[in-house]
Amino acid sequence: MRSALNVPVPPWGLAVTAILSVQLGSALSVDLIETVGPAGTAWLRLSMGALILVLIARPPLRSVRRGDVLPLLGLGITTGLVTIGFLAAIEHIPLGTAVAIEFLGPLTVAAVRSHNRKALIWPAVALLGVVLLTEPWQGDFNLTGVTFAALAAIGWAAYILLTQRIGDRFTGIGALSMTVPIAAATAAVVGIPQAAGHLTFGILAAAAGLAILLPVLPFALEMLALRKMTPTAFGTLMALEPALGVLLGLLILHQQPSPIQALGILLVVLAGAAAQRGGRRRPAHPEQNPSPADLDFVG
């Protein structure tokens, strides 16, 4: 008989809901960016997220060894910088375009990790899709936005590699409760000056709501989904992120892609899905479950 604690939603449904939460949080961040700037938005959102995570999960500081300090600092700083970079990108270019460019980072990591030379074709296909999305031959090509998104892609790749090392020592929520505060402190260096003079109760409330959408809610949903999915199966669903970014950009931000840009998004999604392999996970002990932080980003 099924336990009453079992979630009646299929794992893929949880994963897709988590991805939607990430993209919704990004889309809704645009209004906050206009008020407090991208770094200010990153600082507020990460600070609120850090507070929530520390409240729901005590950071396992006593378990930290000397060799863990640099990776934890590196992961936290990388998280803060990539969050700023991504938010700076969507200040200049459409949400779906920024997500697609940033997605090149984890896609390349997945292809390299496959140890299959043929898999390297998929980042190339995704890059072609990004070219169609950004249309560099057009006069309104936004180099600033594309550059910020490209830096976020490089940072996301580094984030994944650092998370793999941290994941060998700490559970996902334990690691996040230590690294997100570091990320918030990193964003504060530029974020506090940007946000100074604009902080109101409404701004703080909005930041708290965005922090729930990203990273708190996605993390919880991903934890549930990954109990019945392999990381690669989850990664396949992650390939939907650029498409959902375009959809929410259209619905919330009224960012209408052209037909050639729609083709570009399709190429990115197909490349992302093809770079992944997997299905239902084999039975494993709970402590062996992978962390969502290995697969997603608080961008």
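**View 1. Burial and overall fold of the predicted model.** Of the protein's 299 residues, 52% count as buried (buried is under 20% relative accessible area, exposed is over 50%, and partly exposed is in between, with a 1.4 Å probe and protein chains only). The secondary structure consists of ten helices and zero strands (helices are DSSP runs of H or I with at least four residues, strands are runs of E with at least two, and both are numbered from the N terminus). This is a predicted model, in which local features need pLDDT of at least 70 and side-chain atom pairs count only at pLDDT 80 or more, while totals for chains, interfaces and linings use all residues. Residues are numbered from 1 along each chain as its sequence is written, and side-chain values use heavy atoms, with hydrogens and water left out.

View 2. Helix 1 covers residues 11-56, which is 46 residues, yet its end C-alpha atoms are only 23 Å apart. A straight helix would reach 68 Å at 1.5 Å a residue (the expected span is 1.5 Å times one less than the number of residues). Look for the kink of about 110° at Val36, shortly before the proline Pro38 (the bend at a residue is the angle between axes fitted to the seven residues ending there and the seven starting there).

**View 3. The largest nonpolar core.** This core has 78 residues, and Phe86, Ile90 and Met229 touch the most other members (a nonpolar core is a set of buried Ala, Val, Leu, Ile, Met, Phe, Trp, Tyr and Cys residues joined through side-chain atoms within 4.5 Å). Its largest share, 18 residues, comes from helix 1.

View 4. The structure holds one salt bridge, and here it is: the side chains of Asp68 and Arg169 meet at 2.8 Å, N to O (a salt bridge is a side-chain nitrogen of Lys or Arg within 4 Å of a carboxyl oxygen of Asp or Glu). Asp68 belongs to helix 2 (residues 66-90) and Arg169 to the loop between helix 5 (143-167) and helix 6 (172-195), so the pair ties together parts that are 101 residues apart in sequence. Asp68 is buried, at 8% relative accessible area, whereas Arg169 is partly exposed, at 27%. The charged end of Arg169 also sits over the ring of Phe170, 5.0 Å from its centre (a charge sits over a ring if NZ of Lys or CZ of Arg is within 6 Å of the ring centre and within 35 degrees of the ring normal).

View 5. The bond from Leu214 to Pro215 is cis, with omega near 20°. Pro215 is found in helix 7 (residues 201-226). As a reminder, most peptide bonds are trans, and most residues other than glycine have a negative phi.

**View 6. Two loop residues with positive phi.** Glu135 has a phi near 45° and is placed in the loop between helix 4 (121-134) and helix 5. At 13% relative accessibility, Glu135 counts as buried. His254, with a phi near 60°, is found in the loop between helix 9 (241-253) and helix 10 (259-274). At 65% relative accessibility, His254 counts as exposed. Back in helix 9, the buried residues include Leu244, Val246 and Leu248.
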